[in-house]
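Hi everyone, thanks for coming. I'd like to walk you through one structure today, so please have a look at it before I start.

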Amino acid sequence: MIFLNIQTKEISCSTKILTIQIKRKGIEDIRIWRCWKFACEKNLLQNFRDWFLKENDKIFVGYNILKFDLPLLLLKLSSMEKFDDFFLKLNRANILDLFAILTFLKKEIKGFGYYCKKYNIETVPKEKIMDFYNKRDYKRMEEGIIKNLRASEKLYLKIMEKYVRILS
């Protein structure tokens, strides 16, 4: 199981991807693709795509990944080589969207920060992460996105702990 998150400047189909980060469930192995480490966004995306195509895990978890992260990746990769391979592999993956699950269970639409606060999970607000990025304080930005990636895993575990018991 892999937790996936993308950091962008804004929610838009033309926005620049700043980072793509993944974390394996229960393991501290976190991988981050950073825009400032690549010559251009295309190189960042190609590098992520190549990793993804070699990856054996078929379960991806994230918050709002069905409505933002994955559509943005598909859009940005659609004109690049190996897109058909990426699309097919993604189509065959199992995707758990914590936003969709919580919206269904709670019958309310709330953001990531709201649910993390409700379950006492510490996060770093997107505004603060963007402030670090704008100041080129990449170390603190990465600390924030790593904290939020870990928070996604903690939120997933809280949901499973509470609702799987009820459904069993």
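In which sense, left-handed or right-handed, does α1 pass α3 in their crossing? The crossing of α1 past α3 is left-handed, and by that I mean that the near helix is turned anticlockwise from the far one by less than a right angle, whereas clockwise would be right-handed.

A word on where this comes from. This is a predicted model, in which local features need pLDDT of at least 70 and side-chain atom pairs count only at pLDDT 80 or more, while totals for chains, interfaces and linings use all residues. Residues are numbered from 1 along each chain as its sequence is written, and side-chain values use heavy atoms, with hydrogens and water left out.

Two packed helices are described by the angle between their axes and the distance between the axes. The axes are lines fitted to C-alpha atoms, for helices over the stretch in contact, and the angles run from 0 to 180 degrees between N-to-C directions.

Let's stay with that pair. Helix α1, residues 41-54, packs with α3 at an angle of about 50°, and their axes are 10 Å apart. α1 and α3 are therefore oblique to each other; angles under 35 degrees count as roughly parallel, over 145 as roughly antiparallel, 65 to 115 as roughly perpendicular, and the rest as oblique. From α1, the contact uses Phe48, Arg49, Phe52, Leu53 and Lys54, and from α3 it uses Asp85, Phe86, Lys89 and Leu90. Contact means heavy atoms within 4.5 Å. By class, the residues of this α1 and α3 contact are five nonpolar, no polar and four charged. Nonpolar covers Ala, Val, Leu, Ile, Met, Phe, Trp, Tyr, Cys and Pro, charged covers Asp, Glu, Lys and Arg, and the others, Gly among them, are polar.

Next, α2 and α3. The axes of helix α2 (residues 65-77) and helix α3 (residues 83-92) come within 10 Å and cross at roughly 160°, which means α2 is roughly antiparallel to α3. This crossing is left-handed too. Leu70, Leu73, Leu74 and Leu77 of α2 meet Phe83, Phe86, Phe87 and Leu90 of α3. That contact has eight nonpolar residues, no polar and no charged.

And how do α1 and α2 sit? They pack at about 110° with axes 11 Å apart, so α1 and α2 are roughly perpendicular to each other. α1 passes α2 in a left-handed crossing. Glu41, Leu45, Phe48 and Arg49 of α1 touch Leu73, Lys76 and Leu77 of α2.

On a 1 Å grid over the protein atoms alone, a cavity is a set of points where a 1.4 Å probe fits but cannot get out, and a pocket is an open set with protein on both sides within 12 Å along at least five of seven lines; lining residues have an atom within 4 Å of a point. Grid points are joined across faces, edges and corners, and a volume is the space filled by probe spheres set on the points.

There is one cavity of 30 Å³ or more. Its lining is Leu4, Ile22, Phe48, Trp51, Phe52, Phe60, Leu70, Leu73 and Phe86. The largest share of that lining, three residues, comes from α1.

The largest pocket holds about 610 Å³ of space. Its lining has 24 residues, and Asn5, Ile6, Tyr63, Phe112 and Lys126 lie nearest its centre. β1 gives the largest share, five residues.

Key:
Helices (H or I, at least four residues) and strands (E, at least two) are DSSP runs, numbered from the N terminus.
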